Amino acid sequence: MEDTQLITLVQLAQSGDREAFGELVREFESTVFAIVLRRLRNRAEASEVTQEVFLRALRKIDQLREPEKFIGWLKRIAVRLSINRAVRRPKEV
């Protein structure tokens, strides 16, 4: 995806365009899933956390000041939520 197209989609999503946000999800879902899976090593959990990442991004996207940094911002959310899940999961017996 070109930078200008990414910035346009982020700006549209920030203004409430759900279709634009859906396009961002389709574009970056596999990247986020890979980041989360690398940390959790469990496909089912990684799938859940990936959904949580995009829900968090949807709720907070209006706080993103620089649309060109969307990818890094999204990856930080993915890492943070992965770590939270790993820390909070019950100990294996």
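Entry 1: two helices. I looked up H2 (residues 18-40) and H3 (residues 43-60) and found them packed at an angle of about 140°, with their axes 8 Å apart. Helices here are DSSP runs of H or I with at least four residues, numbered from the N terminus. The axes are lines fitted to C-alpha atoms over the stretch in contact, and angles run from 0 to 180 degrees between N-to-C directions. That angle makes H2 oblique to H3 (under 35 degrees is roughly parallel, over 145 roughly antiparallel, 65 to 115 roughly perpendicular, and the rest oblique). H2 passes H3 in a right-handed crossing, meaning the near helix is turned clockwise from the far one by less than a right angle.

Housekeeping: this is a predicted model, so I note that local features need pLDDT of at least 70, side-chain atom pairs count only at pLDDT 80 or more, and totals for chains, interfaces and linings use all residues. Residues are numbered from 1 along each chain as its sequence is written, and side-chain values use heavy atoms, with hydrogens and water left out.

Entry 2: who touches whom. Back to H2 and H3: the contact (heavy atoms within 4.5 Å) includes Phe-21, Val-25 and Phe-28 of H2, and Val-49, Val-53 and Phe-54 of H3. I sorted the contact residues into 14 nonpolar, two polar and four charged. For the sorting, Ala, Val, Leu, Ile, Met, Phe, Trp, Tyr, Cys and Pro count as nonpolar, Asp, Glu, Lys and Arg as charged, and the others, Gly among them, as polar.

Entry 3: rings. How many aromatic pairs does a search of the whole structure find? I got two. Rings of Phe, Tyr and Trp (its six-membered ring) pair if their centres lie within 6.5 Å; planes under 30 degrees apart are stacked, over 60 edge-to-face, and the rest tilted. Phe-28 and Phe-70 have ring centres 5.8 Å apart and planes at 55°, so I logged the pair as tilted. Phe-28 sits in H2 and Phe-70 in H4 (residues 70-88), so this pair ties together parts 42 residues apart in sequence. Phe-70 and Trp-73 are tilted too, at 5.8 Å centre to centre and 45° between the planes. Phe-28, Phe-70 and Trp-73 form one aromatic cluster. Are Phe-70 and Trp-73 buried or exposed? Both are buried (under 20% relative accessible area; over 50% is exposed, in between partly exposed, with a 1.4 Å probe and protein chains only).

Entry 4: Most residues other than glycine have a negative phi. Arg-41 has a positive one of about 55°, although it is not a glycine. Arg-41 lies in the loop between H2 and H3, and at 73% relative accessibility it counts as exposed.
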